Amino acid sequence: MTARSTRCTTAKTRTSRLAAVAAIAVAGSMLLTACGDQTESAGGTKESGSAAASKAPLFAKLPADIQKAGVIKVGTDASYAPMEFTDGGKIVGVDPDLGEALSKQLGVKLEFVSGTFDGLITSIYTGRQQLIMSSMTDNKKRQEGLDDNGKKIGKGIDFVDYFSSGVSLLVKKGNPQGVNSLDDLCGKTVAVQRGTIYEDTFKAQATKCGDKKLTIQAFDTDAEAQTRVKAGGAVADLNDYPVASYIAKTSGGGNDFEVVGSQSDVGLFGIGVSKDNTQLRDAVKEALDAIIKDGSYTEVLKKWDVEDSAVKSATINAGK
């Protein structure tokens, strides 16, 4: 979503809004102003939004700098409906809704900022973002900071696993090339988003195809890959099943694409976090377990028709 933050002397939660309260002093006409939510406490006095936020179940578990800021910056690539996508200038979908549920447990706002997928892990390394929620598959390569050749290129990141999904092929409506499996792609051209596990899957298939060359066209966004398939420049795109299914149902009123074959490479999506911030990681894990237990996690997944991808409990670095 387009990040919105109202700056004040103290940070505010997602539900806060700028409020100013004026009072006339007994001894004179001095005007007093306050910044933050003002809510009535049980004793009739008022407390600030930051004080109210501190009463959230897991607020005290957060690192001190996040408690002070009142916000967690979350990197995402808002091009994966229904997981995360832009609607009317706002990022919506499964992950933003789960972020909202997590924020109620943590007592701080989860502020989603969109960027290119292949730059999200770097944004954690640089500290530009503190979490990643972007349908990112938890795997050992990302945990250990390795490139496709096993070379160390970074510290790696930790994952709090929250969603389970396989991948599926997305082809042009009517499946004119008769594609039903990865093996059917040999000798053809495919489109995919750069830096994703789907690109890795296609690269592995290209090796398997051997002399019957599989040509891979990689793009910055999956939307570009979809456009290439729709135009006939590539025979298939590869995506997570919930995403591929949503695209097939909605693009062109359901007339642009279809999903073919069975799901493969079922794995876990994880919320990415710096290995140097285990306190934040553990607080997010506890918050995820809390929303699974209270049912708000299930409500979000049902809203977006992806409840089959639910996990029973939060795990850390359980991806392979």
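This tour of a predicted model visits a disulfide and then several salt bridges.

Begin by selecting Cys186 and Cys209. A disulfide joins the two, with 1.9 Å from S to S. A search of the whole structure finds 1 disulfide, and the link of Cys186 and Cys209 is left-handed, at -80° about the S-S bond. Cys186 sits in the loop between strand 9 (157–172) and strand 10 (189–193), while Cys209 is in helix 6 (residues 197–209); the pair links distant parts of the chain, 23 residues apart. Show the surface here: Cys186 is buried at 12% relative accessible area, and Cys209 is buried at 9%.

Turn next to the salt bridges, of which the count is 13. Select Lys230 and Asp256, whose closest N and O atoms are 3.4 Å apart. Lys230 belongs to helix 7 (residues 222–231), and Asp256 to the loop between helix 8 (241–250) and strand 13 (257–274), 26 residues apart. Lys230 is partly exposed, with 43% relative accessibility, whereas Asp256 is buried, with 12%.

Now select Asp305 and Lys249, which form a salt bridge at 3.7 Å, N to O. Asp305 lies in the loop between helix 10 (296–303) and strand 14 (315–316) and Lys249 lies in helix 8, so this pair ties together parts 56 residues apart in sequence. Both Asp305 and Lys249 are exposed.

Move on to helix 9 (residues 278–294), where Asp289 and Lys285 are 4 residues apart, separated by about one helical turn. Their side chains meet in a salt bridge of 3.1 Å, N to O. Asp289 is partly exposed at 25% relative accessibility, and Lys285 is partly exposed at 25%.

Finish by selecting Asp158, Lys275, Arg281 and Asp282, which salt bridges with shared partners join into one network.

How values were computed
Residues are numbered from 1 along each chain as its sequence is written. This is a predicted model: local features need pLDDT of at least 70, side-chain atom pairs count only at pLDDT 80 or more; totals for chains, interfaces and linings use all residues. Side-chain values use heavy atoms; hydrogens and water are left out. A disulfide is a pair of cysteine sulfur atoms within 2.5 Å. Helices (H or I, at least four residues) and strands (E, at least two) are DSSP runs, numbered from the N terminus. Buried means under 20% relative accessible area, exposed over 50%, partly exposed in between (1.4 Å probe, protein chains only). A salt bridge is a side-chain nitrogen of Lys or Arg within 4 Å of a carboxyl oxygen of Asp or Glu.
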